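Here are some notes for a colleague who is opening this entry for the first time. Please read them with the model on screen.

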Amino acid sequence: MALVRTSQLCSKGRLETYSLSNDSGLQVEIINLGASIRRFLVPDKNGDLRDIVLGYEQAQDYFQNTETFFGSTVGRSAGRLAGGRFSLHGKTYQLRQNQGENNLHSGPNGYQIRLFQLVPEETSETQLTLSLESPDGDQGYPGNLTFSVSFELNQTNELTITYKAISDQDTLFNVTNHSYFNLNGHESGSIEAHSLQLKAKTFTPLENEAAIPSGEIREVTGSAFDFQEAKPIGRDINAKEQQILYAGGYDHNWILTEPSLLKPFARAIGDQTGIQLEVFTDLPGVQVYTGNFIDNEKGKDGTIYGKRAGFCLETQFYPNAVNFPHFPSPIIKANQEVRHKTKYRLSLREL
């Protein structure tokens with residue numbers, strides 16, 4: 001196990017790059033800009049290392065990461081918020097409207113373009129912890145928030161992300177990691193032939209093409225959204241179902257049947273490499289996004305990413321949950337620390 005650190009100065013501060021590795025050959029590169037996963041190297045069936053996440057070539061490129069959100073820690077609240085508004089204790093808070101009339105991922109001044117600080121006492125050869133101070137009024141949210149994100153890599157090829165936060169006021173808190181996975185390698189094109197299975201019987205359909213949930217909870221059985229049994233991601237991605245047409249593919253929240261850090265809710269397999277990704281979480285939902293709007297994006301190693309070059313499994317509270325009382329609440333109470341965990345397990349499967 002090892003943690004390697006390098007740094008460089010830029011006009012906005014010091015960019016730090018950290019690399020965690022284990023004895024099996026897994027390597028995870030994280031930058032303090034957006035607490036972003038920039039590279040995730042995994043041995044394939046032939047023992048060759050594959051970088052399984054999309055990203056940018058230079059660390060400073062992540063200052064422009066306001067549309068794709070490659071690998072970043074998204075907050076203070078991930079997902080879409082209708083009208084960019086929510087009410088708390090009788091007061092209405094207005095956030096910046098950065099996707100039509102709605103707010104996406106807390107707006108252009110999100111955590112993905114913030115420089116996080118190293119927490120030395122919570123950093124070791126196996127774990128990296130980065131922190132951020134988000135003051136009262138930041139992005140339009142109430143409360144002085146102290147937030148940290150930890151990345152821990154073990155010898156059994158598991159990367160665990162732990163989010164920890166405390167605020168001096170009740171506030172909205174719903175962060176996620178926005179990595180785009182391509183288990184054949186980030187440069188290998190479409191992920192539509194990847195196999196995906198989700199332990200989710202229901203999802204939250206969209207009201208219209210603005211991609212805000214309607215508030216309904218709908219069964220997936222018999223629809224393009226049924227991944228209860230493993231199937232290729234692309235099998236139904238162009239179905240003529242209205243929900244698919246609204247998003248140009250998948251960009252929806254699935255309700256997890258059994259959120260758990262002991263049992264995976266998702267299993268994906270690269271059709272060329274046999275690399276298997278299992279995902280665990282204690283959060284209630286997952287936003288599955290299939291890169292429908294990636295278009296001619298310049299990435300690592302001279303790669304140009306196109307439509308559906310990667311898929312996201314964004315563990316979080318449901319989008320716009322603060323405006324639907326019957327959804328699990330993303331509100332945290334003043335002076336009460338909260339923690340959420342998501343774990344990725346990598347292995348190989350026979351093809």
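1. Which residue in β3 is the bridge partner of S19? The partner is E29. Helices (H or I, at least four residues) and strands (E, at least two) are DSSP runs, numbered from the N terminus, and two strands pair if DSSP finds at least two bridges between them.

2. On the source: this is a predicted model, in which local features need pLDDT of at least 70 and side-chain atom pairs count only at pLDDT 80 or more, while totals for chains, interfaces and linings use all residues. Residues are numbered from 1 along each chain as its sequence is written, and side-chain values use heavy atoms, with hydrogens and water left out.

3. The sheet. Five strands make up an open sheet with antiparallel pairing, and their order is β1-β2-β3-β4-β5. At the edges lie β1 (2-10) and β5, each of which pairs on one side only. On average, neighbouring strands of this sheet are turned by 15° against each other, direction ignored; axes here are lines fitted to C-alpha atoms, for helices over the stretch in contact, and angles run from 0 to 180 degrees between N-to-C directions.

4. Strand β3 (residues 27-31) is joined to β4 by five antiparallel bridges, and V28 has F40 in β4 as its bridge partner. The two strands form a hairpin with four residues between them, where G34 in the turn has a positive phi of about 75°. Strand β2 (residues 13-21) also pairs with β3, in the antiparallel sense and over five bridges.

5. How many residues of strand β4 (residues 36-43) are buried? Eight of its eight residues are; buried means under 20% relative accessible area, exposed over 50%, and partly exposed in between (1.4 Å probe, protein chains only).

6. Strand β4 is also joined by three antiparallel bridges to strand β5 (residues 49-51), with L49 in β5 as the bridge partner of P43. This hairpin has five residues between its strands, and G47 in the turn shows a positive phi of about 85°.

7. Q243 is buried, with a relative accessible area of 6%. Leaving out residues up to four places away in sequence, Q243 touches F203, P205, L206, R218, F225, G249 and H252, contact meaning heavy atoms within 4.5 Å. The side chain of Q243 reaches the backbone nitrogen of L206 at 2.7 Å.

Notes
A polar contact is a pair of N or O atoms within 3.5 Å; within protein, one must be able to donate a hydrogen and the other to accept it, and residues adjacent in sequence count only if both atoms are side-chain atoms.
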